[in-house]
Amino acid sequence: MAKSASFSCNACGAVTSKWAGRCDSCGAWNTITEDAGLSSGAGRGSLGAKRGRDIQLTDLATAEPEPPRAVSGISELDRVLGGGLVPASALLVGGDPGIGKSTLLLQAAAAFAKTGLDVVYVSGEEASAQVRMRARRLGLADAPVRLATETNLRNILTTLEREKPQLAIIDSVQTMWLDTVEAAPGSVSQVRAAAHELTSFAKRNGISVILVGHVTKEGQIAGPRVVEHMVDTVLYFEGERGHQFRILRAVKNRFGPANEIGVFEMGGAGLEEVVNPSALFLSERGQGSPGSVVFAGIEGTRPVLCEIQALVAPTPHAQPRRTVVGWDGGRLAMILAVLEARCGVPFVGLDVYLNVAGGMKVNEPAADLAVALAILSARENSELPANMVAFGEISLSGALRPVSQSDARLSEAQKLGFEGAILPQGGKLDQQSMLTLKTHADLGDVLNAYFDNN
Ligand code: TYD
Ligand code: MG
C-alpha cells in the first residue's frame, strides 16, 4: 500500500516519511510533525481506499482571449509584473525587514483600488489604525482599500470567500497560522502551509493574492524560500538601508521577463518612482577619479548604467581583504586571478574593495570588463577617460567576450551624454553607434591601451 502521510521538520523543513523524535537533517528535537492543511484534512487517505474525482481535460489551443491584466499606474511596478497584475495569480514580495515592503504594497493597493479593482489588505503585523496612519502619511487616506488585522488563516479565507475581492494582500506570510499545523507562526511548516492554502485559494476563487515575506540576512528563520516554487511570481525588494534607492526585482515570473527591475526612491512621502535609473545611479559620481568606471548593464529588458568603484591599497594584514558590495565575490576573485596570471599584475599584499554605487546589485558577467578596468585604474592610480562606458565578459584565458544587447547598452550611454565605449572585439552591432568605440581582444590589450606605464 502506498504511504499516505508525510512528516516535516518545523526547524529546517526536511521531509521524512515517518515521525521521529529528532530531525536527521538539522538535529533539532521534537520538531517533526505530520504535514496537513485545511484542504487535505488531517492526513491523506490512501489511494486504494478512495477513488479520485474525474477531472475534465481541456485543449491547449483556445480561442479565448487572455484575461486583461490590472495596471496600477505605478509604471515601475507594472513593468516588473510583466505589464500588470494577472488575474488569479499568486505573488510573493520578499525582502529584509524595514526595507519598505508594507509601504510599497499599501501604495500598490491604493493605486489598484483607484483603477476600480476591489482590494483587501490584511495585516498580521500592524493594527488597522497603524495602517491608516501610514496611508495618511502617504496621502492615500481616501483610497477605497478595505483593511483587516488578522493572523488566523481560516478566518481570513472565510472572509475572502464571502467578500470575493479581486486582489488580497497578506502582510506578512510569516505572521499567518493555520490551526491544523502544530508549529509556531513563522516556522517553516506554518509558512509553507499558509502559502499553500493562500495560493490554491487564489486559483480556486479567481482572486489574486500578494504575499509579503521577510527574509533575514542569515536566513535562519523560515524564510519565504520554501514558498517561492508555489507562487507564479517572486519579486525581491532590495536596497541598502543607508540609501534611499530601492529596487524591485522579478526573480521569477510566469507571466513576464525575469530579472526585470523597477527603481524607487524612499522619501518622506513613501516610495517614488525613478523613471531614469541610469541618471540616478550616476548622479553622485565624482568626475574622473581613479578606480571609477561606468558599466553599461542590462537589467531585465532595460539598459541601466551604474558606476563601479574600486579601491586598491597596501594591506596591514597577513591575509589581504577582498570586499565586494553589489557584485559577486567569487567573480571578483576570478578577475584578480586572471589579471595576475595572464597580465602579470600582482595583487599580493594589496587589499581590494569593490563597490557598485547607489546600492545597485549587478549579476551580469558583462560587468567583468568594467570591474577589471576599475581595479586596474585604482591600482595604477590613473583615471580612465570619464566620458566612456565599458562592458564585456572576461574568460579565464584573459580574452574579452562580446555580450548580448550591445546596441541597447550603447544607445543608453549615448542618451546620457557619454562619448565613447570600451568593449570586446568581434561583437555584432545592428546599428551604427555614434559613440567612439574602443574594441579590444584581451585584457593585455586593454592594459597596453590605458595603462601603458606598467
Ligand atoms: P516598511 O514598509 O514598514 O518596511 P517592511 O514592511 O519591509 O518591514 O518601511 C519601513 C521603513 O520605511 C521605515 O524605516 C520608515 C521608512 N519610511 C519612509 O522613509 N518614508 C515613508 O513614507 C514610510 C511610510 C516609511
Ligand atoms: Mg511590514
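How far does a polar side-chain atom of Arg 137 lie from an oxygen atom of ligand 1? The distance is 3.2 Å.

First, the ground rules. This is a predicted model, in which local features need pLDDT of at least 70 and side-chain atom pairs count only at pLDDT 80 or more, while totals for chains, interfaces and linings use all residues. Residues are numbered from 1 along each chain as its sequence is written, chains are lettered from A and ligands numbered from 1 in the order in which they are written, and side-chain values use heavy atoms, with hydrogens and water left out.

Now the overall picture. The protein has 454 residues, and 52% of them count as buried. Buried means under 20% relative accessible area, exposed means over 50%, and partly exposed is in between, with a 1.4 Å probe and protein chains only. There are 10 helices and 21 strands. The C-alpha trace spans about 80 × 50 × 50 Å along its principal axes.

Back to the ligand. Its shell has 16 residues, and Gly 98, Lys 101, Ser 102, Thr 103 and Gly 267 come nearest. A residue is near a molecule if one of its heavy atoms lies within 4 Å of it. By class, the shell holds 5 nonpolar, 7 polar and 4 charged residues. Here Ala, Val, Leu, Ile, Met, Phe, Trp, Tyr, Cys and Pro count as nonpolar, Asp, Glu, Lys and Arg as charged, and the others, Gly among them, as polar.

In Ser 102, an N or O atom of the side chain is 2.6 Å from an oxygen atom of ligand 1. For Arg 134, the distance from a polar side-chain atom to a ligand oxygen is 2.9 Å. Taken alone, ligand 1 exposes 560 Å², and the protein buries 73% of that. Those areas come from the Shrake-Rupley method with a 1.4 Å probe; for residues, only the protein chains shown count as cover.

Which elements give two or more residues to this shell? They are α2 (101-114), α3 (128-137) and β11 (261-267). Helix α2 gives the most, with 3 residues.

On to the aromatic pairs, of which the structure holds 2. Rings of Phe, Tyr and Trp (its six-membered ring) pair if their centres lie within 6.5 Å; planes under 30 degrees apart are stacked, over 60 edge-to-face, and the rest tilted. Phe 237 and Phe 264 have ring centres 6.3 Å apart and planes at 75 degrees, so this pair is edge-to-face. Phe 237 is in β9 and Phe 264 in β11, 27 residues apart. Both Phe 237 and Phe 264 are buried. For Phe 245 and Phe 281, the centres are 5.9 Å apart and the planes at 85 degrees, so that pair is edge-to-face too.

Last, Arg 249 in strand β10. Arg 249 counts as buried because its relative accessibility is 3%. Its side chain makes a polar contact with the side chain of Glu 299 at 2.8 Å. A polar contact is a pair of N or O atoms within 3.5 Å; within protein, one must be able to donate a hydrogen and the other to accept it, and residues adjacent in sequence count only if both atoms are side-chain atoms.

Technical notes:
Helices (H or I, at least four residues) and strands (E, at least two) are DSSP runs, numbered from the N terminus.
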